[in-house]
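Please keep the sequence and the structure in view while reading.

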Amino acid sequence: MSTNRLLVKEEIATYAGMLLDAAFSEGGQERVLDVRDQLETVLSLYRGNTDLREALTDPAYSPEQRGRLAANVFEGIDPLVNSVITVMAERNNLGELLQVVSAFYETSEEKLGVCVVDVTTVVALDDELRSVITEKLSKDLGKKVVLREHIDTSILGGIIMSTHGKRIDASIASQLEHTRNVLTESNDGGEC
């Protein structure tokens, strides 16, 4: 591995570690999970807006200008996350944001001894169902599970669970889509 890639890897680990240590010392697991959510928001905004990406990485701006721009754009974001994003913008390191977020996810789960699982349903989970899902996932994954619950009425019913790039989609919407695809693709010579 070249020296440059080693330096980038160290920068990524430093940003993620700095965020994790500060968040954990401020409020333990809850604070770390809150910072995780905030990072997801920042990443989504950054990746979803080409003009923003270009402005925050424009070499025509001074480091101070890029830092002020980032601080202003992400003003409503958690101050801890905002400060790290500002430093990354000043140092022209925002191209590494995805890797920093990924490293934060990985190291935070390792430090907390948990696995964060996103769960999407049509209605909020009740305590009993939340407990059943948590226990089953903990047993299957061999770790304590923290659920991040999302509500999405477009799935019509069922559940979607995802963690670490793996996804289980048992939603009614996906089952209907699969059925529609099977019906439109299969042609066995019979009438439909």
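In helix 4, the residues Leu80, Val81, Asn82, Val84, Ile85, Thr86, Met88 and Ala89 are buried, where buried means under 20% relative accessible area, exposed over 50%, and partly exposed in between (1.4 Å probe, protein chains only). This is a predicted model, in which local features need pLDDT of at least 70 and side-chain atom pairs count only at pLDDT 80 or more, while totals for chains, interfaces and linings use all residues. Residues are numbered from 1 along each chain as its sequence is written, and side-chain values use heavy atoms, with hydrogens and water left out.

Helix 4 comprises twelve residues, 79–90, and spans 16 Å from its first C-alpha to its last, close to the 16 Å expected at 1.5 Å a residue; the expected span is 1.5 Å times one less than the number of residues. At the start of helix 4, a side-chain oxygen of aspartate 78 comes to within 2.8 Å of the backbone nitrogen of leucine 80. Just after the helix, asparagine 92 adopts a positive phi of about 55°.

The protein chain as a whole contains seven helices and four strands. Helices (H or I, at least four residues) and strands (E, at least two) are DSSP runs, numbered from the N terminus. The radius of gyration of the protein chain is 21 Å, well over the 16 Å that the globule rule gives for 192 residues, so the chain is more spread out than a compact globule. That radius is taken over C-alpha atoms, and the globule rule is 2.2 Å times the number of residues to the power 0.38. Of the 192 residues, 35% count as buried.

Aspartate 118 lies in strand 1 (residues 114–121). With a relative accessible area of 17%, aspartate 118 is buried. Its side chain makes a polar contact of 2.8 Å with the side chain of arginine 148, and another polar contact, of 2.7 Å, joins the side chains of aspartate 118 and histidine 150. A polar contact is a pair of N or O atoms within 3.5 Å; within protein, one must be able to donate a hydrogen and the other to accept it, and residues adjacent in sequence count only if both atoms are side-chain atoms.

Isoleucine 133 is located in helix 6 (residues 127–141). Isoleucine 133 counts as buried because its relative accessibility is 10%. Apart from neighbours within four places in sequence, isoleucine 133 is in contact (heavy atoms within 4.5 Å) with Leu125, Leu147, Ile159 and Met161. Met161 is also among the residues that aspartate 118 touches.
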